[in-house]
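Please look over the sequence and the model before reading on. The report below works from the whole chain down to single residues.

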Amino acid sequence: MPGAARILFNSVDSSLSSLKNCQSYINTGMDITTHVALDLVESFNDVEDVNNMEKVMLEYAAMDRELNHYMKAIEETVNQIKREKPENIPDLKYLVKEKFTALESKNSDSDLEKNDKYLYFKDQLKEMRKQFRLQSDSNDNDAIEQIDEDIAVTQSQVNFICPITQVEMKKPVRNKVCGHSYEQDAILKIIQTRKQQKKKVRCPKIGCSHDDVKESDLVPDEALKRAIDSQNKQSWSAL
């Protein structure tokens, strides 16, 4: 490979590295937005403000898509040049722009809603509202009988118990495939042990038919953790 081409490709690699750093900033922004939205739901301020957070998430998803397309256009251009080995280095800027435009022309709003972090945002909002609905209903309706409230709290607390350890979860993770949650350390230990045995892991939740739990399918269950912490605070304050 000629010296000039080698220097050029090194520069491109450096640029791609910088773009990936930018992508990490976008991911951080999406994580922060998710936490803010969950804070809003927890404080029962979950209408207009949470909707605004969702709009922010979609804006981040659009930036992430655009950045992915730009990096893909660069990588495809470099690979094309390496494959074809032209005598003279073509206009890289033009080739990248051409490929980038082609990728962007296929954009649709539904693409944004398939973003992994946006999907996580929606899932956690749904779970957060479900976890805190009992508390919200209790605060809004003083006529609820104490026995009904006790039953509701007991049912909620059952969901806080890890199906593996049978104790309250401290760091719950949620299975994206079946929707069940477990204590992080407990499920990871099972996955590691079964991996060494070259066997699949069945979801430990009784009645669940999912028989291939993978570490890559586990995500932090922030909504459940907040619900557990909130319930514990209420219990302590009642003492």
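What follows is a short report on a predicted model.

## Basis of the report

Residues are numbered from 1 along each chain as its sequence is written, and side-chain values use heavy atoms, with hydrogens and water left out. Because the model is predicted, local features need pLDDT of at least 70 and side-chain atom pairs count only at pLDDT 80 or more, while totals for chains, interfaces and linings use all residues.

## Confidence

The predictor's confidence in each residue is given as pLDDT, from 0 to 100. Its mean over the protein chain is 85, and 83% of the residues reach 70 or more. Strand E2 (residues 181–183) has the highest confidence, at 97, and helix H6 (residues 146–158) the lowest, at a mean of 46.

Over residues 140–155, pLDDT stays under 50, and the model has six contacts for this stretch beyond four places in sequence. A contact here means heavy atoms within 4.5 Å. Where pLDDT is low, the predicted coordinates should not be read in detail.

## Overall layout

The protein chain has eight helices and three strands, in the order α-α-α-α-α-α-β-β-α-β-α along the sequence. Helices (H or I, at least four residues) and strands (E, at least two) are DSSP runs, numbered from the N terminus.

Of the 239 residues, 33% count as buried. Buried means under 20% relative accessible area, exposed means over 50%, and partly exposed lies in between (1.4 Å probe, protein chains only). Among contacts between residues at least 6 apart in sequence, 67% join residues at least 24 apart.

## The nonpolar core

A nonpolar core is a set of buried Ala, Val, Leu, Ile, Met, Phe, Trp, Tyr and Cys residues joined through side-chain atoms within 4.5 Å. The largest one has 42 residues, and those with the most contacts inside it are Ile-74, Phe-121, Leu-125, Tyr-182, Ile-187, Val-213 and Leu-218. Two or more residues of this core come from each of helix H1 (3–42), helix H2 (48–84), H3, H5, helix H7 (184–196) and helix H8 (222–238).

Leaving out residues up to four places away in sequence, Phe-121 touches Thr-33, Thr-34, Ala-37, Val-50, Met-53, Glu-54 and Met-57.

## Helix H3

Helix H3 (residues 92–104) has 13 residues and reaches 18 Å from its first C-alpha to its last, close to the 18 Å expected at 1.5 Å a residue. The expected span is 1.5 Å times one less than the number of residues. At the start of H3, a side-chain oxygen of Asp-91 comes within 3.2 Å of the backbone nitrogen of Lys-93.

Which residues of H3 are buried? They are Leu-92, Leu-95, Val-96, Phe-100 and Leu-103. These residues are on the same side of H3 because they cover an arc of only 130 degrees around the axis. The arc is that of the directions from the helix axis to the C-beta atoms. On the face turned away from this buried side are the exposed residues Tyr-94 and Lys-97.

## Helix H7

In H7, Ala-186, Ile-187 and Ile-191 are buried. Their arc around the axis is only 130 degrees, so they lie on the same side of H7. The buried residues of H7 pack against strand E1 (172–175), E2 and strand E3 (218–220). The face of H7 turned away from its buried side carries the exposed residues Asp-185, Lys-189 and Gln-196.

## Single residues

Gln-124 is located in helix H5 (residues 116–140). Is Gln-124 buried or exposed? It counts as buried because its relative accessibility is 0%. Apart from its neighbours within four places in sequence, Gln-124 is in contact with Leu-38, Arg-174, Pro-220, Asp-221, Glu-222 and Ala-223.

Tyr-60 belongs to helix H2, and at 22% relative accessibility Tyr-60 counts as partly exposed. Not counting residues up to four places away in sequence, Tyr-60 touches Ile-26, Gly-29, Met-30 and Thr-33.

## Positive phi values

Most residues other than glycine have a negative phi. Lys-198, in the loop between H7 and E3, has a positive phi near 60 degrees, and Lys-198 is exposed, with a relative accessible area of 80%. Gln-166, in the loop between H6 and E1, has a positive phi near 65 degrees, and Gln-166 counts as exposed at 53% relative accessibility.

Key
Polar contact = N/O pair within 3.5 Å; in protein donor to acceptor, adjacent residues only side chain to side chain.
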